[in-house]
There are 2 protein chains.
Amino acid sequence: MSFTGILPGLTAADSDQFESSLKKFVDSRELPLYKIMAYHLGWVDHNGEPEPAVSQDRTHGQIVLASAQAAGSDSAAAMPYAVAIELLNNFMLVHEDVQNANTERNNRPTVWWSWGPAQAINAGDGIHAMARISIFEQRNASGPASDPRNISMALESLDTATLEVCEGEYLDISYQERASVGVDEIVDVARKHGALMGIAAKLGGLAAAADASVLVALYEFGQAIGTAQNLNIDLKALWPDPGTDRTEVQRGRLQSKKKSLATAHAIENGTPTTRRRLGEIFMKRVLDPADLDEVTEILAETESRAFAESRIASLVDEAITALNSTGFSSEHKSSLTESAKLIVSSS
Amino acid sequence: MSFTGILPGLTAADSDQFESSLKKFVDSRELPLYKIMAYHLGWVDHNGEPEPAVSQDRTHGQIVLASAQAAGSDSAAAMPYAVAIELLNNFMLVHEDVQNANTERNNRPTVWWSWGPAQAINAGDGIHAMARISIFEQRNASGPASDPRNISMALESLDTATLEVCEGEYLDISYQERASVGVDEIVDVARKHGALMGIAAKLGGLAAAADASVLVALYEFGQAIGTAQNLNIDLKALWPDPGTDRTEVQRGRLQSKKKSLATAHAIENGTPTTRRRLGEIFMKRVLDPADLDEVTEILAETESRAFAESRIASLVDEAITALNSTGFSSEHKSSLTESAKLIVSSS
């Protein structure tokens, strides 16, 4: 269950303005291709007809806005960057749904399930291109955000982060075929995925034309959040929040045998018998619910859940510590700190 | 059978330098993800071991170099753009192979067939990001090519073209489900796909810091080639070159019921009986070889092959005419003209 509200420090007006900027950017285009994107983003139904908006996770875009405000910019200057990173995040989700064969996301059929894998791959590619096109709108901004060097740095940051996420995704998929994956390997993959939230925070700094040291601190802040979030998603897939069922996305991750920090810990620290039992389960082509129960049972024995939770808590601390050097006001630091905790705990 | 040689006007040294720039750009990265890319680009085998290079179509990159030379630049200044467009083209091929379930390309197993669809989608996304990263190398170039405004225009052109290809791809896939698709609709889709070659030629002009009017002419030149090439690929799938079998890629296009200019012409101009026969064939879930024989028989009756060939020839003329206003030397015009004919006829 990801966070679908408004992050601390941002107003309802910030959130509304962001949503309408995102919507305007997609709706300004006519072809049915953009209806698929609008569907994925929660604004229209399968036929392209408006439907009551489904609240979705917009934390990537919101972190851009919150970081920009902390670094002294207004939301307007950060808006094209917020739109860009949110689109980048969503292009990856559309492709992840094909890759993991998820039939549902946000309680609605996924793009590939509704339009087929070929259209979903293509729609994702289109959203990827659009993410970058949004950044060019920054040229029309007023103030330091429109400085060509800033825009160029934003574009390059975005591409570098995308490639880093792809590197992480490569490892993630290849680890599905291996029984034994180490704790450090799992954390490395999560850090690569965390590049996306790292860039989100950095883009906020770029919108405020912040100093290089602030940009570095914001990147570290965001990347630590993204890393912790990524690790926690796999943990929540094993142990869903009380009173909730596993979502389709969580089931997709487990059934495709994504390794978690907890399973890696159990493999490194369990007895030979534990390791053999886990190995046998992960050698199966597809995992069924009984297998998952056995996995969580083993992880209880090895105290791997507590290990993973404590590692995630350290990453949240790492995010908060990164803010120390920024010179942000204590009010902004506190909002960003609360945001970090919220994003990670609701992942 | 696409063109795998060196385009007229370019030297073997140009071609070698381009290939080694492309290779260096991919090989400078360490992870196995980049081995998948190197495999797709024809330099290593499935295990990442060097193998005798398989000649591949590099016409997108070569058109950048040839256009740059015609517009007065040297190859070195155009190299990062040539690498970018070739990577962009190849990201699309990797995804097309997943979309059409092609098991082979260039007589070797495709990426998805070797590593699975999830890795192939991811590898394509990574190549997409890398295409843009190559453009940032232009900042280190000497001369007008390193002008930030030029680089920014190159980046935006690339994204706009990518989105246009995605729009075309959306239509292309959705037409697979329709029996009746008009000639104009087919040409519109091909024009959107042609945006890629259009941008290739324009990037050559940008590397030479050419005037706006030359950039427009180069785009028109490239787009007309790309459009004609795209239409001819579907025609060659119906009627392979004498003495050759259909390639896997051609079979993939036919079996996924991609419509061609020739079938669209037959549907618009055939008798009601012709239309009903074609409609029945295209309503099948999958087409078998006997269906394809019947389609080509019908298209012979309606003289649709001749119609399509003449339309493609007009597009080649359109490409050549676009060069008139450029002020290029007659030698360069003649090389570009020959290149246009070669690329289209070998598509």
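Predicted model: local features only at pLDDT ≥ 70, side-chain atom pairs only at ≥ 80, totals over all residues.
Me: How do you know how much confidence the predictor has in chain A?
Reply: pLDDT is the predictor's confidence in each residue, from 0 to 100. Chain A averages 93, and 100% of its residues score at least 70. The lowest mean in chain A, 80, belongs to helix α10 (residues 248-255), and the highest, 98, to helix α3 (residues 59-70). For the complex, the predictor gives an ipTM of 0.94 and a pTM of 0.94.

Me: What makes chain A as compact as a globular protein of its length?
Reply: Chain A has 15 helices and two strands. Its radius of gyration is 20 Å, and the globule rule gives 20 Å for 347 residues, so chain A is as compact as a globular protein of that length. Along the principal axes, its C-alpha atoms fill a box of roughly 65 × 50 × 35 Å. Of the 347 residues, 54% count as buried. Among contacts in chain A with a separation of 6 or more, 74% are between residues 24 or more positions apart.

Me: Why is B:A68 called buried?
Reply: The cut-off for buried is 20 or more other C-beta atoms within 10 Å. B:A68 has 28 such neighbours, so it counts as buried. This residue is in helix α3 (residues 59-70) of chain B.

Me: Which residues does B:A68 touch, leaving out those up to four places away in sequence?
Reply: B:A68 touches B:S73, B:S75, B:A77, B:A78, B:G204, B:A207 and B:A208. Of these, B:G204 is 136 residues from B:A68 in sequence, yet the two C-alpha atoms are 4.0 Å apart.

Me: Why is A:I267 called buried, and why is A:R275 called partly exposed?
Reply: Buried needs 20 or more neighbours, exposed means 12 or fewer, and partly exposed is in between. A:I267 has 22 C-beta neighbours inside 10 Å, so it is buried. A:R275 has 18, so it is partly exposed.

Me: How do you know that A:I267 and A:R275 are in contact?
Reply: Contact requires C-beta atoms within 7 Å. Beyond its neighbours up to four places away, A:I267 touches A:S180, A:R275 and A:L278. The list for A:R275, made in the same way, holds A:I267 and A:G270. A:I267 lies in helix α11 (residues 261-269), and A:R275 lies in helix α12 (residues 272-283).

Me: What makes the phi values of B:A101 and B:E303 worth a remark?
Reply: Phi of B:A101 is near 55°, a positive value in a residue other than glycine. Phi of B:E303 is also near 55°, and B:E303 is not glycine either. B:A101 is in the loop between α4 and β1 (104-105) of chain B. B:E303 is in the loop between α13 (289-301) and α14 (304-322) of chain B. With 16 other C-beta atoms within 10 Å, B:A101 is partly exposed, and with 13, so is B:E303.

Me: Which residues touch the most other members of the largest nonpolar core?
Reply: That core has 220 residues, and A:V64, A:Y81, A:F221, B:V64, B:Y81 and B:F221 touch the most other members. Leaving aside neighbours within four places in sequence, A:V64 is in contact with A:A78, A:Y81, A:A82, A:I85, A:A200, A:L203 and A:G204. In soluble globular proteins, nonpolar side chains tend to be buried together.

Me: How do you know that the copies meet through the same surface?
Reply: The contact takes 31 residues from chain B and 31 residues from chain A. On the chain B side, α2 (32-40), α4 (75-99), α6 (117-136) and α7 (148-175) each give two or more residues. Of these helices, α7(B) gives the most, with 13 residues. The chain B side divides into 16 nonpolar, nine polar and six charged residues. Of the interface residues of chain B, 100% are also interface residues in chain A, so the copies meet through the same surface.

Me: Why are the two copies said to be related as by a two-fold rotation axis?
Reply: A rotation of 180° with 0.0 Å of shift along its axis superposes chain B on chain A, with an RMSD of 0.0 Å. The two copies are therefore related as by a two-fold rotation axis.

Notes: Residues numbered from 1 in each chain as written. Chains lettered and ligands numbered in written order. Core = buried A, V, L, I, M, F, W, Y, C linked by C-beta atoms within 7 Å. Contact = placed C-beta atoms within 7 Å. Helix = DSSP H or I, 4+ residues; strand = E, 2+ residues; numbered from the N terminus. Nonpolar A, V, L, I, M, F, W, Y, C, P; charged D, E, K, R; others polar. Least-squares fit on C-alpha atoms with pLDDT ≥ 70 in both. Rg over C-alpha atoms; globule rule 2.2 N^0.38 Å.
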